Amino acid sequence: MSEETRQGAPSTGAVGPATAPGPGPPTGLGGSHVGRRALLGFAGLGVAGILVGAKVQSALDGPVSKVDSALGGLGGIGALVPGSDYFRIYTVTASLPAIAPSRYRLRVDGLVERPMTITLDDLRARWPRTKLVHLFQCVTGWQVPDVHWEGVRLSAILDAARPRPGATALRLYSGDGVYTESLSLPQARLPDVLVADRMIGDDVSAAHGGPVRLYVAPMYGYKSIKWLDRIEVVDRVVPGYWEGFGYPVNAWIGGVQPT
Ligand SMILES: Nc1nc2c(c(=O)[nH]1)N[C@H]1C(S)=C(S)[C@@H](COP(=O)(O)O)O[C@H]1N2
Ligand SMILES: [Mo]
């Protein structure tokens, strides 16, 4: 078991209630229910699954103790942790969903003229593909610079589904059955919001939310819902998982929308 899971990310204090972990791995401190469940999940995954990303190789070779120092002594929301440029793998459930690429389906429904179901093959062959390079910033402070992403713009999918009059927002659902996220329609239509099936030069791994996750470049990592399997178009913003613990619904990195 890794230090990462045992210690977890500290709460961002002022923003979340003391008992709620920040949008990172549940803390497990004080034996919280969520923490214990996550612990079991990570136990099945093993250390190899916990540190994946820009610095994976070195992280896999050595002990994971550097995670502790990276996460120690955080300041407020979005405080930067220098030298912490590798991904942590987060989940709020007891296990990481294992979704076979051939069985993957993305449902688009709710207030749309044309509800649809998109397979992974569709996403790769029938939709305009977009690549972008952008930093990934978790609200707890760690960031990974220059992450390569590839997929289909969420705006393209929305244009095809045709939101009906009265539609103002999206509810996004994860194949883990628990995690949700929200975006207003204007946010969802930003050009750097991707339904991503590739990241860091490879197919999105199961640990990173594959086969398909969302990537919301201008916002904190908690908006980038993993194992994305449903987009519901709705008439009002319904706060997502972490937003229910007090984190901002409009999660612009640094608090302001980039222009
Ligand atoms: N389904 C799901 N999506 C999720 C999360 C999660 O726990 N479950 N954590 C979020 C947070 S807080 C961050 S920072 C990123 C982390 O992505 P990674 O696990 O690929 O590093 O995923 C986001 N999407
Ligand atoms: Mo996060």
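Ligand 1 sits in the largest cavity. A cavity is a set of points, on a 1 Å grid over the protein atoms alone, where a 1.4 Å probe fits but cannot get out; a molecule sits in one if more than half of its atoms lie within 2 Å of its grid points. The model is predicted: local features need pLDDT of at least 70, side-chain atom pairs count only at pLDDT 80 or more, and totals for chains, interfaces and linings use all residues. Residues are numbered from 1 along each chain as its sequence is written, ligands are numbered from 1 in the order in which they are written, and side-chain values use heavy atoms, without hydrogens or water.

The shell around ligand 1 has twelve nonpolar, five polar and four charged residues. Nonpolar means Ala, Val, Leu, Ile, Met, Phe, Trp, Tyr, Cys and Pro; charged means Asp, Glu, Lys and Arg; the others, Gly among them, are polar. Of the 21 residues around the ligand (a heavy atom within 4 Å), Pro-23, Arg-88, His-208, Arg-213 and Lys-226 come nearest.

Polar contacts are pairs of N or O atoms within 3.5 Å. A backbone N or O atom of Arg-88 lies 2.3 Å from a ligand oxygen. For Arg-213, a polar side-chain atom is 2.7 Å from an oxygen atom of ligand 1. The protein covers 99% of the 530 Å² of accessible area that ligand 1 has on its own (Shrake-Rupley method, 1.4 Å probe).

Mean pLDDT, the predictor's confidence from 0 to 100, is 78 for the chain, and 70% of residues reach 70 or more.

Note on methods
Polar contact = N/O pair within 3.5 Å; in protein donor to acceptor, adjacent residues only side chain to side chain. 1 Å grid on protein atoms, 1.4 Å probe; cavity = no way out; pocket = protein on both sides within 12 Å on 5 of 7 lines; lining within 4 Å.
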